[in-house]
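Biologist: Please take me through this structure, and set each label against its criterion.

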Amino acid sequence: MADGTNHEMALDILRCHLGMSKEEALEELGISDAESVEQQVLNAQSKLARDTK
């Protein structure tokens, strides 16, 4: 989950402080698709939930 959080923070910085669009920020970070970041976060959360049981 840390990777997803790091991506979100980086996206926020690029968007808020540099005025980039979400698409521009994703491109700058080398992330092709916002859904893939969200999917990575969901996968990490699911794995974490399974590990805590």
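Biologist: What share of the residues of the protein chain counts as buried, and what does buried mean here?

Modeller: Of its 53 residues, 17% count as buried, a term meaning under 20% relative accessible area, with exposed meaning over 50% and partly exposed lying in between (1.4 Å probe, protein chains only). This is a predicted model, in which local features need pLDDT of at least 70 and side-chain atom pairs count only at pLDDT 80 or more, while totals for chains, interfaces and linings use all residues. Residues are numbered from 1 along each chain as its sequence is written, and side-chain values use heavy atoms, with hydrogens and water left out.

Biologist: Why is Ile31 called buried?

Modeller: Its relative accessibility is 11%, and the limit is under 20%, so Ile31 is classed as buried. Ile31 lies in the loop between α2 and α3. Not counting residues up to four places away in sequence, Ile31 touches His7, Leu26, Ser36 and Val37, where contact means heavy atoms within 4.5 Å. The C-alpha atoms of Ile31 and His7 are separated by 9.0 Å, although the two residues are 24 residues apart along the chain.

Biologist: What makes Lys47 and Asp51 a salt bridge?

Modeller: The closest N and O atoms of Lys47 and Asp51 are 3.1 Å apart. The criterion is a side-chain nitrogen of Lys or Arg within 4 Å of a carboxyl oxygen of Asp or Glu, so the pair qualifies. A search of the whole structure finds one salt bridge. Lys47 and Asp51 are separated by about one helical turn, because they are four residues apart in helix α3 (residues 34-51).

Biologist: What is the class of Glu8?

Modeller: Glu8, in helix α1 (residues 2-18), has a relative accessible area of 36% and is therefore partly exposed. Glu8 and Glu38 are 30 residues apart in sequence and 9.3 Å apart in space, C-alpha to C-alpha.

Technical notes. Helix = DSSP H or I, 4+ residues; strand = E, 2+ residues; numbered from the N terminus.
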